[in-house]
Each structure stands twice: as C-alpha cells, then as structure tokens.
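Please open the model in a viewer and keep the sequence at hand.

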Amino acid sequence: MNMKKGAIITLAAGIMWGFSGCCGQYMFDNFNVDPIYLSSFRMLLAGVLLIIIGAVKNRNDMVSIWRDRKAVIRLFIFAWFGILFNMVSYLVAIDYSNSGTATILLYIGPVLVMIFSCFTARKLPDRKEFAAILMAVIGTFILATHGNIHAMVLTPLGLFWGLLSAFAMACYTLIPGDLTQRYGAVPVTGYGMLIGGATLFVATQSWNAPMVHDPRCIAAFLAMVILGTVMTFTMYLLGIRLIGPVKASMLASIEPVSATVIMVIWLKESFQFLDFVGFMCIFVTVFLLTKKE
C-alpha cells in the first residue's frame with residue numbers, strides 16, 4: 001500500500017513541477033512578467049511557507065542549523081549558488097525558449113553531476129555513464145538544430161540559458177553536501193529560498209517591479225509557488241520516504257513530459273517530431289543513471 005501511495009504522490013509532484021514551468025511561460029507570454037522579478041518573489045514566498053511548515057513539524061531542526069557556523073556558511077553558499085542560480089536560470093531559459101524545452105534541457109543536470117563525480121573519483125565513465133553523456137549531447141544537438149548544423153531552431157540565448165540551468169541544477173544537487181541529512185531538507189531549502197529570494201529582491205530592487213493586477217496572472221503565480229514549489233517539494237520528500245530515492249527520482253522525471261504536454265494543450269505551443277526525438281535522448285539519460293544506482 002505504501003509503495004502504491006508513494007508512487008502516486010511522486011508522480012503527482014513531477015506533474016505539478018512541469019505545470020509550474022508552464023505557469024511561468026504563461027506569465028511571460030501574456031503579461032510581460034520579468035523572470036528575475038518573478039524569481040525573487042517566488043523564492044521569498046516559498047521560503048516563508050516552507051519555514052512555517054518546518055516550524056510546525058520540527059522546530060528543533062529549524063533552530064539547530066544556526067548553531068553550526070560551518071553549516072550556516074554552506075547554507076548561504078547553497079542559497080546563492082544553488083537555489084538562486086537554479087531558479088533564475090530556469091525561468092530565464094523558459095522566457096527565451098518555452099517551458100517544455102527548458103525543462104528537458106534541465107535534465108542534463110544529472111549527467112553533469114555524474115561527470116563531476118567521475119572527475120573527483122579520478123575515474124573514467126563506465127559504459128552506462130558514457131552512454132548517458134552521449135545521449136545528452138545528441139539530444140541537445142537535435143533540440144537546438146533539428147539535425148541541421150547550418151541552422152539553429154532553438155535561439156542561442158534559449159540554448160545558453162537552458163544549458164546554464166542544467167549546470168545550476170548540478171550545483172543545487174552538489175552544494176548542500178550532508179546538510180539535508182543533518183538538519184532536514186525542509187529547513188535547508190526553506191532558509192535557502194528565503195536567503196536567495198531576499199538577496200535577489202534587494203539586488204534588483206524588486207519592490208520597483210511593475211505590478212500586474214490581472215487575476216489570471218496572480219493565480220498563475222500562486223499556483224507556481226504553492227503547487228509548483230511548496231507542495232511538490234513536500235510531496236517529493238514523502239515519496240522518497242515511502243518508495244526510496246531511486247524510484248522516486250525516476251518517477252519524478254515525468255516532469256519534462258508533463259511540462260511538454262501541458263505546454264502543447266494549454267499554451268498551444270508546437271512540438272515537432274524532432275523535438276520529441278531530442279527529448280527522448282535526454283530523457284533516457286535519467287533511466288541510464290538511475291538504473292546504475
């Protein structure tokens with residue numbers, strides 16, 4: 001029963017993650033929302049909500065992390081170069097391309113984590129790891145050019161920010177180290193989002209951002225924060241607890257599928273056959289690396 005419940009919860013989290021990216025694209029396309037300002041408000045609100053959840057569930061973990069100086073330093077590094085970097089690059093990638101393509105490129109991140117792990121272990125990739133690298137390169141090439149090296153289908157800025165978001169995802173994965181095991185994922189992510197959001201808010205003077213009062217834009221923003229950030233995060237953690245991290249990570253990789261399907265149905269974006277081929281090449285890397293684990 002727990003396995004079935006965990007699988008459903010994790011799949012729902014992945015679908016809502018994909019929906020969150022589409023909410024961002026909807027705001028960019030229809031209300032000219034700036035992705036930088038959106039990132040700052042998103043992180044601030046999500047951070048506050050996660051901290052409230054953490055304080056209700058386990059107040060000790062929320063306090064104990066601030067007693068460890070090294071943990072606090074790592075937390076700030078994670079907030080700036082993990083969460084902030086990840087949030088901004090992903091939303092800018094959506095702005096320059098679309099939610100489906102940006103989410104697919106994001107999933108090159110696990111391949112970069114694997115390459116970094118091989119480098120630090122001073123070993124060459126094995127056959128499955130090498131296959132994952134090759135599939136990621138082929139998939140990116142197909143998405144960017146549709147097989148024609150003389151023409152770019154994806155804009156250069158869309159490709160740049162998409163690949164940068166994959167690198168940011170790798171940083172998000174690697175920087176926390178053992179922080180989440182020692183103090184819990186909710187405190188680390190909640191404080192990280194609050195710190196990153198506050199930093200970006202002040203640095204960009206987001207209080208001067210032009211406010212959009214359209215109910216549809218406000219609804220999309222709240223859906224992105226509540227459904228696509230706070231709920232998905234807590235649901236994914238529950239899924240890991242019920243079915244384990246390997247199965248949970250594989251099921252959560254439905255995110256690019258949901259982002260693409262919702263983008264085509266809701267936002268009426270086109271998705272050609274060669275886009276699907278590139279998508280599948282990158283998507284296969286998740287299964288290759290998860291199978292290895």
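A residue is called buried under 20% relative accessible area, exposed over 50% and partly exposed in between, with a 1.4 Å probe and protein chains only. This is a predicted model, in which local features need pLDDT of at least 70 and side-chain atom pairs count only at pLDDT 80 or more, while totals for chains, interfaces and linings use all residues. Residues are numbered from 1 along each chain as its sequence is written, and side-chain values use heavy atoms, with hydrogens and water left out.

**First stop: the salt bridges**

A salt bridge is a side-chain nitrogen of Lys or Arg within 4 Å of a carboxyl oxygen of Asp or Glu. The whole structure holds four of them. Please select R182, which is partly exposed with a relative accessible area of 40%. Its partner D68 forms a salt bridge with R182, and the closest N and O atoms are 2.4 Å apart. D68 lies in the loop between α3 (59-64) and α4 and R182 in helix α9 (residues 179-183), so this pair ties together parts that are 114 residues apart in sequence. The helices named here are DSSP runs (H or I, at least four residues), numbered from the N terminus.

D178 counts as partly exposed, at 36% relative accessibility.

Next, select E129 and K123, whose salt bridge has its closest N and O atoms 3.2 Å apart. Is E129 buried or exposed? With 5% relative accessibility, E129 counts as buried, whereas K123 is partly exposed at a relative accessible area of 40%.

**Second stop: helix α8**

Among the buried residues of α8 are G158, L159, G162 and S165. The buried residues of this helix pack against α4 (69-96), α5 (99-106), α6 (109-120) and α7 (127-145).

**Third stop: the cores**

A nonpolar core is a set of buried Ala, Val, Leu, Ile, Met, Phe, Trp, Tyr and Cys residues joined through side-chain atoms within 4.5 Å. The largest one has 70 residues, and those with the most contacts inside it are M27, V33, L38, I65, V188 and I282. Helix α4 supplies the largest share of this core, 13 residues. Another core, of eight residues, lies apart from it and includes A13, I243, A248 and A252.

Select M27 and display its surroundings. Leaving aside neighbours within four places in sequence, M27 is in contact (heavy atoms within 4.5 Å) with N32, V33, L38, C217, A220, F221 and M224.

Q205 is partly exposed, with a relative accessible area of 42%.

Finally, select K268 in the loop between α13 (255-266) and α14 (273-292). K268 has a positive phi of about 60° although it is not a glycine, and at 68% relative accessibility it counts as exposed.

Technical notes: Helix = DSSP H or I, 4+ residues; strand = E, 2+ residues; numbered from the N terminus.
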